[in-house]
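Have the sequence and the model open side by side for this one.

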Amino acid sequence: MISRRSFIIHSAGFTLAGLTAPELWGRARGAGGTTVTVYKSASCICCTQWVEHLKANGFQTVVHEQDTMDEVKDNFGVPKAMRSCHTAVVEKYLIEGHVPASDIRRLLKERPKIAGLAAPGMPAGSPGMAQPGAAIKGFQVLAFQLDGGSKVYAQY
């Protein structure tokens, strides 16, 4: 388990590194893919399945298993209305919950001025929540700001 102090120190280091070299955010050197850093509960099966969805879609992943996810979300400033079971960081963006890999790719291509994307709650038809082989459907992905403002980014 990572301590609160260690988490804050590492987060500050990532922030400082990001401010000095934004072109390196989330890039895995030599790995050929964009790295998504995921914070999740060790016991959450749907989060593990979402990580597998990312890998199957060409993303590199770094997973940090946490005992208390609320602390992680609070430290990143994820608005309460946007919260789900796991939180991820890719480049300068937050990804909250079961956001499809295709939306993350679109986000990184378009680079809108938002804090991140969220699939609030745990939508049944989302990656990691849907039955294997089932279509992704029945939920929205929201673009959000840290002040809680949001708009629909994708509809499934």
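## What covers α4

The buried residues of α4 are covered by elements that include α2 (45-56), β3, β4, β5, β6 (140-144) and β7 (150-155). Helices here are DSSP runs of H or I with at least four residues, strands are E runs of at least two, and both are numbered from the N terminus; contact means heavy atoms within 4.5 Å. The buried residues in question are Ala101, Asp103, Ile104, Leu107 and Leu108. They sit on the same side of α4 because their arc around the axis is only 160°, where the arc is that of the directions from the helix axis to the C-beta atoms. Buried stands for under 20% relative accessible area, exposed for over 50%, and partly exposed for what lies in between (1.4 Å probe, protein chains only).

A word on the model: it is predicted, so local features need pLDDT of at least 70 and side-chain atom pairs count only at pLDDT 80 or more, while totals for chains, interfaces and linings use all residues. Residues are numbered from 1 along each chain as its sequence is written, and side-chain values use heavy atoms, with hydrogens and water left out.

## The α2 helix

With 12 residues, α2 reaches 16 Å from its first C-alpha to its last, close to the 16 Å expected at 1.5 Å a residue (1.5 Å times one less than the number of residues). Its buried residues are Cys46, Cys47, Trp50, Val51, His53 and Leu54. Their arc around the axis is only 155°, so they lie on the same side of α2.

Which elements cover that side? Among them are β1 (35-41), β2 (60-66), β3, β4 and α4. The face turned away carries the exposed residues Ile45 and Ala56.

## Positive phi angles

Just after α2, Gly58 takes a positive phi of about 90°.

Glu91 is not a glycine either, yet has a positive phi of about 50°. Its place is the loop between β3 (87-90) and β4 (93-97), and at 9% relative accessibility Glu91 is buried.

## The second largest pocket

This pocket has a volume of about 150 Å³. Its lining includes Gln49 and His53, along with Pro127 and Gln131. The lining residues divide into five nonpolar, five polar and no charged.

A pocket is an open set of points on a 1 Å grid over the protein atoms alone, where a 1.4 Å probe fits, with protein on both sides within 12 Å along at least five of seven lines; lining residues have an atom within 4 Å of a point. The volume is the space filled by probe spheres set on the points. Ala, Val, Leu, Ile, Met, Phe, Trp, Tyr, Cys and Pro count as nonpolar, Asp, Glu, Lys and Arg as charged, and the others, Gly among them, as polar.
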